[in-house]
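Please look over the sequence and the model shown here before reading on.

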Amino acid sequence: MGYTIAQKIIKEHLVSGEMTVGSDIGLRIDQTLTQDATGTMAYIEYEAMGIPRVKTEKSVAYIDHNTLQTGFENADDHRFIQSVCKKHGIFFSRPGNGICHQVHLERFGKPGKTLIGSDSHTPTGGGIGMLAIGAGGLDVAVAMGGGAYYITMPKMVRVNLTGKLSPWVSAKDIILAVLRVMSVKGGVGKIVEYGGEGVKTLTVPERATITNMGAELGATTSVFPSDETTRAFLKAQGREEDYVELSADADAVYDEVIEIDLSALEPLAACPHSPDNIKTIKELEGKTVDQVCIGSCTNSSYLDMMRVAHILKGKKVADNVSLAIAPGSKQVFNMLALNGALGDMIAAGARILESACGPCIGMGQSPNSKGVSLRTFNRNFEGRSGTKDGQIYLVSPETAAVSALTGVFTDPRCLGDAAEIEMPEKFLINDNMVIAPAPVEEMDSVEILRGPNIKEYPETSPLTDSIEASCSLKVGDNITTDHIMPAGAKILPLRSNIPKISEHCFTVCDPEFPARAKALGKSIIVGGENYGQGSSREHAALAPLYLGVKAVLVKSFARIHKSNLINAGILPLTFKDAEDYGKIKLGDMLELPDVKNEIANAQDVTVKNLTTGDAFKAECELSDRTRAIIIAGGLLDYTKENS
């Protein structure tokens, strides 16, 4: 039996475990990336491990999230990260150099390599044949120190692409079509691999758009073959030596196969408030639009921007629309400026933003009250835009641009013949915004620069024999990390300050939660299906840890968040019988009378509701390693004990 692309990379990097679905495996990590919203905590954790120099082939820190500097906090974070990078062997991508995933794809990603990043959209690297996985900051810190990255061996899903996209139908429409089939939780525990004749018709930026939004499926990662298209892209980036061919064996076996006929697709939109709430643009045509935002790590490539410029050239943005455009990297921005495309965007009335995440993470450009905003982004969770009642739709750059001109939802196929935009034979290469670390002989003299907003990792403690705690919060299905730990311009600057940011924990769901949890001292959260979907932000685990949350009891977890809870030493419990969810209400006193013994012996956990008298069992699916982490009190404690 042959191997899939992902299985080949896993086999090459396997350091522990067996490639059996559902088993715990450890992978050697070649590259890591962080961004500034998660980076400060990742580097605080790295420092705590006491390893002088990173042991990866390449580690890069990007400044792309917290770039709206309305106070000292973000600037202090950037300075801290830059000094850590200089001292510990990490490359530093300065603010303005671009969005981490766009820049990493352009300048550092290599087919066949493993990459983990403290950002859930790290799978963008799968567009050039990497095994690129989003992870919590502590997992990234451990990998930088030379430790393995552990995951549950996923199932393999093949998305077979046939045919060719029609004019004005784009890669964004492909991934929206996959989301329509699989849903936001259909990829949990799976790697999505793209194949078929249709793959040859897609450029690397188009492939990267698709793998980027694979995060919205809940998938471990997504990956494309590395082929002659990949070689051409790397050659144009001056990196042809990084190319290796990589494809699935003809007799590779997949757990699931999905067929997508590219020629049958039409322009689509993800409607509020979920990436899998899909409708065709035809169904929405004529609906008034208030705002259009083009960019993000999903759709900010040179190819995307050139198509947008072509649509806008010689036209004017509708009077009722605010149009904002953010090129994904300095490379893209500079090329647009030199070839005149940037001038066409400005002349049409676009507001040009810096090469950063910006509106996608709620940093500026919040729409008006109940405003309809078309965005080329990857997430449209309620409130993420900064406007609680904002109506956010996810669309392709082509749909976004033409709708900005008409002022209403418009099918871009009305434009007639497609724009003939070719990939450059050579990109503009200028890495002067990437700062190399200090040489080994100078590292000891480098001072780490800390601002007053940078606080220590929250206090942890080993698992106790039993837990008795109140239910401090009960929530429903599809709770996202944006619900748990909101993004936005007011909160992101607090990412280095867990005590302060914890004051905002779960306030989207219940404004009283932080004060209630802190007053209780210790508590348990209860939730529904797909708890913790979305971002990789470990703050969604660290803030509850700081507030005394000892366990989270839900119907099911999203992968990264469950891992982050384990890393923080918080018990991730799932109802053995989903009906037991109804047996708990806010304020009930819960007891886990024999929890340490049950965890140590891989048994179901006994849950008693002391308020109602009910008792039932909960599952706690852990490997031998993660069981030891929970008992130790978290990954940092476990790493110290075993180093």
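The paragraphs below go from the whole chain to a few of its elements.

This is a predicted model, in which local features need pLDDT of at least 70 and side-chain atom pairs count only at pLDDT 80 or more, while totals for chains, interfaces and linings use all residues. Residues are numbered from 1 along each chain as its sequence is written, and side-chain values use heavy atoms, with hydrogens and water left out.

The chain has 21 helices and 27 strands; helices (H or I, at least four residues) and strands (E, at least two) are DSSP runs, numbered from the N terminus. For 643 residues a compact globule would have a radius of gyration near 26 Å, and the 24 Å of the chain agrees with this. That radius is taken over C-alpha atoms, and the globule rule is 2.2 Å times the number of residues to the power 0.38. The C-alpha trace spans about 70 × 60 × 55 Å along its principal axes.

Of the 643 residues, 63% are buried, where buried means under 20% relative accessible area, exposed over 50%, and partly exposed in between (1.4 Å probe, protein chains only). Among contacts with a separation of 6 or more, 76% join residues 24 or more positions apart; a contact means heavy atoms within 4.5 Å.

Helix 7 shows such burial: nine of its nine residues are buried, so the rest of the structure largely encloses it. Its buried residues include E206, R207 and N212. The cover over helix 7 includes helix 4 (100-107), helix 6 (171-182), strand 10 (190-195) and helix 10.

Helix 10 (residues 302-312) is also mostly covered, with 10 of its 11 residues buried. Among them are Y302, D304, R307 and L312. Helix 7 (204-212) is in turn part of what covers the buried residues of helix 10, as are strand 15 (291-294), strand 16 (322-325) and helix 13 (397-406). Just after helix 10, G314 has a positive phi of about 75 degrees.

Which strands pair with strand 21? Strand 25 (residues 589-592) pairs with strand 21 in the antiparallel sense over four bridges, and strand 22 (residues 523-526) pairs with strand 21 in the parallel sense, also over four bridges. Two strands pair if DSSP finds at least two bridges between them. S470 has M589 of strand 25 as its bridge partner, and K474 has V526 of strand 22. Six of the eight residues of strand 21 (residues 467-474) are buried, so this strand is largely enclosed by the rest of the structure.
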